[in-house]
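Here is a brief report on a model and its parts. Keep the structure in view while reading.

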Number of protein chains: 2
Amino acid sequence: MIATYQKQCQARVDAALESLLQAPRDELARLYQAMRYSVVNGGKRVRPLLVYAACEALGGTPERAEGAACAVELIHAYSLVHDDLPAMDDDDLRRGQPTTHRAFDEACAILAGDGLQALAFEVLADPRRNPEEAGLRLEMSRTLARAAGPAGMVGGQAIDLEAVGRALDQGALETMHRHKTGALIEASVRLGALASGRADEASLAALADYARAIGLAFQVQDDILDVESDTATLGKRQGADIARDKPTYPALLGLDAAKAYALALRDQALAALEPFDAGAEPLRALARYIVERRH
Amino acid sequence: MIATYQKQCQARVDAALESLLQAPRDELARLYQAMRYSVVNGGKRVRPLLVYAACEALGGTPERAEGAACAVELIHAYSLVHDDLPAMDDDDLRRGQPTTHRAFDEACAILAGDGLQALAFEVLADPRRNPEEAGLRLEMSRTLARAAGPAGMVGGQAIDLEAVGRALDQGALETMHRHKTGALIEASVRLGALASGRADEASLAALADYARAIGLAFQVQDDILDVESDTATLGKRQGADIARDKPTYPALLGLDAAKAYALALRDQALAALEPFDAGAEPLRALARYIVERRH
């Protein structure tokens, strides 16, 4: 069921992203080409899916969620482009394809990332939406800015870089992940809820609990897959994190305890959704999928 | 007169920027230190000055302009950090001090720039402002995102990089500058006007004409100064642009014609301000200053 839903969300957001990434003049063709290359890459669109699914959990239509779905994916894509740079993780491959700085050049990759971030905030401020909802969209813009910025995702990347080669305890590891990947996942859920136009404090708090749990589950499962999968399935070198001496959950807890932890986080996520009706089924299915996936 | 006004604006925006750049937790200390280093550097704050002055031209108070003044400076600062990177202009000095990637490291400079951009959009969406003005602030957010993004400043940097070592005609040179530096200058003026809460279509159009003219004048004068000044006055290597074979106005038009062009642009800017009263005096003084400055 989640596979069908994921395909629908992917098709929807991919079409919207394509239309945002058309160069407005010839001189900008290469920059936009690099941005498109960085975004239109067959990605699973997990964060847009969370936006759509959280909007649906509160009875909102997918149309209302579309701008936010694009915005979170643009932020995610920019972060990968910059993360892969030689001065950062120095990765040559991403989903089995050359990374943006490999396919273009380093300067172009830096600028493509910078441009994608700005575009994310432009999409959220799109004036074609309902004018009386300006307050809502401003709150969405603030949510995304906080999650993407130095106290969120970018801060997590900084903590991650400083952690390479150092032993972290579980608390420090979770602080790092909550910033690096958790902040944008939490923002995706909150943006979807806000976009529905039907969010109240109670539903936002329950969805925040859900988002925190799946964000962490996602990371724990990623670490597990990095140990267990082979390069072909994963699209990157197996054991890459361990080879780089990055702290991981299996290294910290042991593989079996890491797997048990992922399942416990899934159950926490499902418990947070108890007040919701059948509209939250996609969110529930995603929580299950995260710890069952093989890549 | 402009020197006093500039000092006032600088003190005001510097205090506001300082308060934005405090690390919210210990793990983020180094990232915030790099962001502060990139922002708090004795810069003249030309763009914030434009925000305050445009707001004042329409009768708005400086308090109303403060968030936008911070936001444009954060965008400007991030663009300099990324511009100085080895893969871009590869500069070791900025205002006589080591560039951010020299004072910290390259990864930290990439992240500091990324974080500063997000912070700019967070400031514009600050919820402590008047809720009934959400529509206005959303339009401000859109203005900044468009100006900073791939069809604005980032696009200009991409055009600039591709132009190194190539002969450009005046039209192509102006296209580059209108994107690279003009877009953010125009946005600064528009943001100030919007922040006043008193902008109408006619005043926005007149101020846009003003901004286009001074943006270009600023660039022409920069090119002139790059030829004429010595390294001590300018804080960077003299003739750096020419040494790097970047297209400049003196190279294209000759030095005397470039100077005449700068003066003509100043006069265009002043003509655009004719409908305004004494509140526009700072904008007028700035137009004069731009072509008279020696650094």
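## A tyrosine and its contacts

This is a predicted model. Begin with Tyr210(A). Leaving aside residues up to four places away in sequence, Tyr210(A) touches Leu50(A), Val189(A), Ala269(A), Ala272(A), Leu273(A), Leu283(A), Leu286(A) and Ala287(A).

## Nonpolar cores

Tyr210(A) belongs to the largest nonpolar core, which has 192 residues. Leu144(A), Tyr210(A), Leu144(B) and Tyr210(B) have the most contacts inside this core.

## Chain A as a whole

Chain A holds 15 helices and 2 strands. Its radius of gyration is 18 Å, close to the 19 Å that the globule rule gives for 295 residues, so chain A is as compact as a globular protein of that length. Along the principal axes, the C-alpha atoms of chain A fill a box of roughly 50 × 50 × 35 Å.

Of the 295 residues in chain A, 59% are buried. Take the contacts in chain A between residues at least 6 apart in sequence: 72% of these join residues at least 24 apart.

## Cysteines

How many disulfides does the structure hold over all chains? The count is 0. Cys9(A) is in no disulfide, and the nearest cysteine sulfur, that of Cys55(A), is 11 Å away. Seen from Cys55(A), the closest cysteine sulfur is in Cys9(A), and 11 Å is too far for a bond. The cut-off for a disulfide is 2.5 Å between the sulfur atoms.

Are these two cysteines buried or exposed? Cys9(A) has 5% relative accessibility, so it counts as buried. Cys55(A) has 0% relative accessibility and also counts as buried. The limit for buried is under 20%.

## Two copies

Chain B superposes on chain A by a rotation of 180 degrees, with 0.0 Å of shift along the axis and an RMSD of 0.0 Å. The two copies are therefore related as by a two-fold rotation axis.

Through which surface do the copies meet? They meet through the same surface, because 100% of the interface residues of chain B are also interface residues in chain A.

## Confidence

The mean pLDDT of chain A is 92. In that chain, 93% of residues reach 70 or more. For the complex, the predictor gives an ipTM of 0.94 and a pTM of 0.94. Where pLDDT is low, the predicted coordinates should not be read in detail.

Key:
Residues are numbered from 1 along each chain as its sequence is written. Chains are lettered from A and ligands numbered from 1 in the order in which they are written. This is a predicted model: local features need pLDDT of at least 70, side-chain atom pairs count only at pLDDT 80 or more; totals for chains, interfaces and linings use all residues. Side-chain values use heavy atoms; hydrogens and water are left out. Copies are superposed by least squares on the C-alpha atoms of residues with pLDDT of at least 70 in both. Contact means heavy atoms within 4.5 Å. A nonpolar core is a set of buried Ala, Val, Leu, Ile, Met, Phe, Trp, Tyr and Cys residues joined through side-chain atoms within 4.5 Å. Buried means under 20% relative accessible area, exposed over 50%, partly exposed in between (1.4 Å probe, protein chains only). pLDDT is the predictor's confidence in each residue, from 0 to 100. Helices (H or I, at least four residues) and strands (E, at least two) are DSSP runs, numbered from the N terminus. The radius of gyration is taken over C-alpha atoms; the globule rule is 2.2 Å times the number of residues to the power 0.38.
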